[in-house]
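I opened the model to see how each chain is built and how the two chains meet. My entries follow in the order of looking.

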Amino acid sequence: MSALEWSRALTETTLAFHIIFATIGVGIPIFISIAEWMGIRFNDPHYSLMARRWARGFVITVAVGVVTGTCIGLQLSLLWPNFMRAAGHVISLPLFLETFAFFFEAIFLGIYLYTWDRFKNPYVHWLLTIPIIIGSSASAVFITMVNAFMNTPQGFTLENGVFTKLDPLAAMFNPATPSKVAHVLSSAYVTSAFVLAMIAAFSILRGRQHEYYKKSIRLNMFAGLILALATFAVGDMSAKFLAVMQPEKLAAAEWHFETMPRAPLVYGGFLNEETLEVTDALHIPLALSILAHSDPNAPVIGLNEFPRDLWPPLYVHYLFDGMVTIGGYLVFIPLIFLVFSFFKRCNEYNRWILWGILAGGPLSLLAIELGWFYAEVGRQPWILRGYMRVSEAATTNSHVQLTFWLFVLLYLVLGTVCTMVLSRLFRNQTAEMELEERRIIL
Amino acid sequence: MSLELIGITVLWIFLYGYLIVASIDFGAGFYAYYGRVVGIESVIRPVISRYLSPVWEVTNVFFVFFFVGIVGFFPDTAYYYGTALLIPGSIALILLAIRGSFYAFANYGARDNHLYLLTYGATGLLIPASLSTVLTISEGGFLTVRENNVIFLAEELFFSSYSWAVVLLAISSVLFISSTFLTYYAAQAEDWPAVGWLRQFSLWGGIPTIISSLFIFIALRNHNLRHFENMLDIWWMFALSLITFMLAVWLIWKQRNYGMAFILVMFQFAFAFFGYGISHLPYLLYPYVTIISGVTNPAMGRALVIAFVAGLFLLIPALILLLRLFLFNLKYVKGET
């Protein structure tokens, strides 16, 4: 493999690892905040304990998120020096703002963790969650703006390889920004809801029956339903955006080759890369036109409009299908749960639903990975769509392979130790034990 | 003031901030481990962890801020340093990653694990050594450009006396800054046994710090004469650095006013660091990148400066709040809350 391929592999590995912790880091503060607020407002110590326990686990994931985020931040320059040299002129503003948001979050997280019982008025401590939420969500917003810019670059003129006539704000608020930012945020929130519900479902399945776990599931499933629906709506918005601004990405995801009106949606199936024939797929008539333009008669641009060397890899179809399928699952599970809890005679905490919730945690994380791989691989061969190819951006340093293995080792160690520490943290001190310790008997 | 000067001043101030907070952090990790080895852990560990716990994340942000800022203000540096520093940069990153996450693991998960503490202590000395190679490379002579390819001369760096002088200075100043701060912090907590040990550390730490900085002058003279002569032009900054150093050591020796002593140490490093920085100009990477050749587009530069000023309005109150709640809160320092 060449330096280019190793650079891509290392960037993929780092991002794939980082995104798990980043997603949790963006979403969980909201739930900590909600739980703490409910605890104070309804004088329910179960929720207050929930906030504490979530915060304790959260710190560990944040630590890994911070260090892997630092890695990807520097790797941008180490692996893609040509890209940073050129695009640095245009995108350094959102990168810079991202560090400010991160700074803000770091300061208040430190304060929050060490002032649990320090204020007479409990709402003062709760208020500290607000800057943490603002900081973590704002850093997601700014970094997504950078990624959106790489998909739909604007705000500059390219003259003889030099970026001139810059408009930093236009670069930040490019056409891809709204749908991307909204999708990243809502999917991070929904994933966090499922990850937290997963933990409680696991405890109940292990035979613990305390009301504490049920309250956690109820809170997370209720929020999860709203957020999963919102994510679906935003995903639809993204598809409509792609149909206009990046038709090749949508066409690759749908194996849509010929431009045509009344386009069907291809779900599943296999592709013969030589003849471009699709077999065993489910064709849903008109659905692609509706998805792309909200109009069954609207024409959808096919891949054949683009030269073959500008096609993204066609395996992105599987990633896209996987993401959407899991998205449907994440709506279905909380819906079932809420329907069951509405009818008195049904037990919404039966084994099957609990297993469904448990699976929702890893599945939602998988959907995040699939979605990002689709978004990133889907803009191949470009690093800056229409301006710079990935092959022109990579480092010329010949030691990328060694670096790759070093980082793989690092992520293996971090992943293992983090899982170990987290599971030990909660196994050695169950919610029941802590309830008793804090003399919460309800 | 021109854009490139504003940019480099801002960045240099942040790098200085990182130098101080990271030194305290890195040194504290080393002392925590050393304390366990020589059997004085119960004496100095409480002081150290009370300081570190609320600030460990903030330290890291100073570093991120610097490298994002320098690529923003001077995109050319991303090209040269980025290509050249793949290996040393990655090693520093891996060490930082291990350190940052293991601190959280140890403190919020499995406290008192020997291996975690060893990792934490060891990385505290290795990271400053690996990060300081960037400063060495900036003097020139360790990179060449052949057919549009930047090539890093690792062997030159390894066998350069200047580079070893920088490493020595980095490590010894980490230990020195950290111990003077922790002496002050322990004195605030009225934890006299801890003060006794930490005071010893800072007195001993001062000696290699000052020897290695003198050694750097000599080595730099051989390596980059232009820079050395620029330094002589502002010799008074280095003289002030030496005077503040001597005053600080004198105060610590006399066991009084540790707070003042730490401020003097901050001044000592401020004079030396800014003196070094000013005499380095206009080069960011000798002889390839100057602050004028490498500066970003003026529109982006303006936007960055505005973002920076706006960001400071958020950061400064937040940082003050953090300091007031933990560092300068006597009740917290004494462990009463």
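I began with contacts in chain A, where contact means heavy atoms within 4.5 Å. Residues 24 or more positions apart account for 78% of the contacts with a separation of 6 or more. The model is predicted, so I kept its rules at hand: local features need pLDDT of at least 70, side-chain atom pairs count only at pLDDT 80 or more, and totals for chains, interfaces and linings use all residues. Residues are numbered from 1 along each chain as its sequence is written, chains are lettered from A and ligands numbered from 1 in the order in which they are written, and side-chain values use heavy atoms, with hydrogens and water left out.

**Chain A, overall**

I listed the secondary structure of chain A and found 15 helices and eight strands. Helices (H or I, at least four residues) and strands (E, at least two) are DSSP runs, numbered from the N terminus. The C-alpha trace of chain A spans about 70 × 45 × 40 Å along its principal axes. I then checked the radius of gyration, taken over C-alpha atoms, against the globule rule, 2.2 Å times the number of residues to the power 0.38. Buried means under 20% relative accessible area, exposed over 50%, and partly exposed in between (1.4 Å probe, protein chains only).

**Chain A, two buried side chains**

I looked up A:T11 in helix α1 (residues 3-41) of chain A. Is A:T11 buried or exposed? A:T11 counts as buried because its relative accessibility is 14%. Not counting residues up to four places away in sequence, A:T11 touches A:I72, A:L79 and A:W80. With A:W80 there is also a side-chain polar contact of 3.0 Å. A polar contact is a pair of N or O atoms within 3.5 Å; within protein, one must be able to donate a hydrogen and the other to accept it, and residues adjacent in sequence count only if both atoms are side-chain atoms.

Next I went to A:S179, in helix α7 (residues 177-205) of chain A. A:S179 has a relative accessible area of 4%, so I noted this residue as buried. Its contacts, leaving aside neighbours within four places in sequence, are A:V234, A:M237, A:S238 and A:F241.

**Chain A, backbone**

I searched for positive phi outside glycine. A:N43 has phi near 55 degrees. A:N43 sits in the loop between α1 and α2 (45-79) of chain A. The relative accessible area of A:N43 is 67%, so this residue is exposed. A:R262 also came up, with a positive phi of about 50 degrees. A:R262 lies in the loop between α9 (247-254) and β3 (265-267) of chain A.

I found a cis peptide bond between A:Q380 and A:P381, with omega about 0 degrees. A:P381 is in the loop between α12 (351-377) and β7 (382-384) of chain A.

**Chain B**

I turned to chain B and found 13 helices and four strands. Its radius of gyration is 20 Å, close to the 20 Å that the globule rule gives for 337 residues, so chain B is as compact as a globular protein of that length. The C-alpha trace of chain B spans about 60 × 40 × 40 Å along its principal axes. Buried residues make up 61% of chain B.

A cis peptide bond joins B:L281 and B:P282, with omega about 0 degrees. I placed B:P282 in the loop between α11 (258-280) and β3 (283-285) of chain B.

**Where the chains meet**

How many residues does each chain bring to the contact? Chain B gives 68 residues and chain A gives 65 residues. The two chains bury about 5800 Å² between them, 79% of it on carbon and sulfur atoms. Buried area is the accessible area (1.4 Å probe) that two parts lose on being put together, summed over both.

I counted one salt bridge between the chains. A salt bridge is a side-chain nitrogen of Lys or Arg within 4 Å of a carboxyl oxygen of Asp or Glu. B:D76 and A:R85 form this bridge, with the closest N and O atoms 3.1 Å apart. I also noted two residue pairs in polar contact between chain B and chain A, both at pLDDT 80 or more.

Which elements of chain B each supply at least two residues of the side that touches chain A? They are α2 (41-73), α3 (75-84), α4 (86-109), β2 (149-152) and α12 (298-327). The residues of that side divide into 49 nonpolar, 17 polar and two charged. Ala, Val, Leu, Ile, Met, Phe, Trp, Tyr, Cys and Pro count as nonpolar, Asp, Glu, Lys and Arg as charged, and the others, Gly among them, as polar.
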